[in-house]
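This report describes the fold of one protein chain, from its overall make-up to individual side chains. Please keep the sequence and the structure in view while reading.

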Amino acid sequence: MRTAPGTAGRNEPAARRVKPHRIAVLALPGVPPFELGIPSRVFGSVADAEGRPLYEITVCTADGAPVVSDAGFTVQPTAGPEALARADTVVLPPTHAMPELGRGGPLPPAVRAAIDGIRPGTRLVSICSGSYVLAAAGLLDGRPATTHWHLAPEFRRAYPKVKVDEEVLFVDDGDVLTSAGVAAGVDLCLHMIRRDHGAAAANRAARICVVPPWRDGGQAQFIDRPVPEPTLAGTSATRAWALEHLAEPLTLTRLAEHARMSLRSFTRRFRDEAGMTPVQWLTAQRLELAKQLLETTDLSIDLVAHRAGLGSGNSLRAHMRTALGVSPAAYRRAFGTGKPPGPARSAEPARGA
């Protein structure tokens with residue numbers, strides 16, 4: 001698992017965690033105020049046990065001069081391109097004043113020079129169509145990325161070297177992360193806090209911002225499609241019920257019966273609402289529960305797997321390798337806050353997935 005540049009490990013002595021992670025947010029002409037404010041609001045909610053901020057956020061512009069937002073008011077930056085050069089993470093909100101980027105055109109010289117001044121190894125992040133700026137700079141070539149679903153066809157035409165996935169809320173490709181439209185920027189920032197400092201810190205930030213720490217599904221649930229008949233029941237109640245019974249065998253039949261639908265209707269409705277199949281959704285929720293248990297308890301790997309509904313330790317290892325590229329033990333070492341696992345103990349009998 002990669003550690004974000006400039007971010008100290010969570011198990012290191014407090015004296016080594018005093019220096020906050022430096023985030024530079026690049027405000028370009030035509031920036032939407034909401035997306036511009038996301039990094040300051042979300043990352044600014046994170047502090048250590050002594051109340052010291054874990055992130056230092058600077059809003060800058062490509063030349064240090066004020067820019068006009070797409071709402072008509074002027075954004076006065078606190079720094080110029082030098083903030084990008086010393087940042088550990090650079091965040092690029094959208095711009096609605098550079099239509100040439102939608103045709104694969106070049107960046108303005110000042111913006112290009114500012115981005116070229118970013119240090120190698122700096123974590124790069126885009127919110128919504130801020131991905132166009134990264135793509136125009138050639139920083140997404142050959143890499144997976146996302147953007148607002150409505151812009152995906154145009155984005156593919158303009159930047160054919162980018163592996164665009166408009167189905168997801170965000171893409172984490174290690175040192176380059178991209179999010180879908182608007183509120184997905186909040187999802188991505190919370191994901192980064194979780195990656196940097198664990199679930200507890202991300203959950204606290206989410207509560208302060210009054211947003212969910214994790215949203216189900218991806219952009220697929222927001223893409224324009226025929227609205228389901230209002231007389232049909234939804235699946236939200238069944239999803240809420242399933243979250244309370246993840247350790248139990250939850251077959252598609254059992255879920256459909258709880259929702260009082262036929263298998264066919266339930267599967268179709270579930271995908272419309274959650275943006276993924278019931279099996280994909282269950283696996284994602286069980287992995288989230290397993291990660292929380294690994295972070296906050298000293299339960300054995302087998303017992304974590306059982307309580308998360310993933311059967312055996314081997315099954316959990318396979319799922320985490322596929323989804324995260326790490327083993328449960330490595331994840332616990334990186335993010336665990338509970339006591340180190342003690343001597344091997346017998347797990348509760350597995351009851352299936």
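## Overall architecture

Of the contacts in the protein chain between residues at least 6 apart in sequence, 65% join residues at least 24 apart, where contact means heavy atoms within 4.5 Å. The model is a predicted one, in which local features need pLDDT of at least 70 and side-chain atom pairs count only at pLDDT 80 or more, whereas totals for chains, interfaces and linings use all residues. Residues are numbered from 1 along each chain as its sequence is written, and side-chain values use heavy atoms, with hydrogens and water left out.

The protein chain contains 14 helices and 10 strands. These elements are DSSP runs numbered from the N terminus, with helices (H or I) of at least four residues and strands (E) of at least two. Of the 353 residues in the protein chain, 48% are buried. Buried stands for under 20% relative accessible area, exposed for over 50%, and partly exposed for values in between, computed with a 1.4 Å probe on protein chains only.

## The six-stranded sheet

An open sheet is built from six strands in the order S2-S1-S5-S6-S10-S9, with mixed pairing. Two strands are taken to pair if DSSP finds at least two bridges between them. At the edges are strand S2 (55-60) and S9, each of which pairs on one side only. From one strand to the next, the twist averages 15°; angles run from 0 to 180 degrees between N-to-C directions, and axes are lines fitted to C-alpha atoms, for helices over the stretch in contact.

Strands of a sheet pair through backbone hydrogen bonds, in either a parallel or an antiparallel sense. Strand S1 (residues 21-26) and strand S5 (residues 89-92) are parallel and share three bridges; here Ile23 stands opposite Thr89 in S5. Helix H1 (residues 33-43) packs on the sheet, where it touches S1, S2 and S5, and its direction makes about 160° with that of S2.

Strand S6 (residues 123-126) runs parallel to S10 and is joined to S10 by three bridges; Leu124 has Val176 as its bridge partner in S10. Strand S9 (residues 170-172) is likewise joined to S10 by three bridges, but in the antiparallel sense, and Asp172 stands opposite Leu177 in S10. S9 and S10 form a hairpin with three residues between them, and Gly174 in the turn has a positive phi of about 85°.

## Helices H6 and H7

Helix H6 lies across S2, S5, S6, S9 and S10, at about 145° to S10. Helix H6 (residues 184-197) also packs against helix H7 (residues 199-209) at an angle of about 150°, with their axes 7 Å apart. Leu190, Ile193, Arg194 and His197 of H6 meet Ala199, Ala201, Ala202, Ala205 and Ala206 of H7 in this contact. By class, the contact of H6 with H7 comprises seven nonpolar, one polar and one charged residues. In this classification, Ala, Val, Leu, Ile, Met, Phe, Trp, Tyr, Cys and Pro count as nonpolar, Asp, Glu, Lys and Arg as charged, and the others, Gly among them, as polar.

## Helices with one buried face

In helix H3 (residues 109-116), Val111, Ala114 and Ile115 are buried. These residues cover an arc of only 95° around the axis, which puts them on the same side of H3; the arc is that of the directions from the helix axis to the C-beta atoms. The face of H3 turned away from the buried side carries the exposed residues Pro109, Ala113 and Asp116. Helix H2 (82-86) and helix H4 (131-136) are included in what covers the buried residues of H3.

In helix H8 (residues 236-243), the buried residues are Thr238, Arg239, Trp241 and Ala242. Seen down the axis of H8, they fall within an arc of 160°, so they line one face of the helix. Their cover includes helix H9 (252-259), helix H10 (263-274) and helix H11 (278-296).

Glu288 is found in helix H11 and is buried, with a relative accessible area of 9%. Not counting residues up to four places away in sequence, Glu288 touches Arg194 and Trp214.

Leu293 also has its place in helix H11 and counts as buried at 13% relative accessibility. Leu293 touches Leu299, Val304, Arg307 and Arg332, again not counting residues up to four places away in sequence. The C-alpha atoms of Leu293 and Arg307, which are 14 residues apart along the chain, are separated by 8.8 Å.
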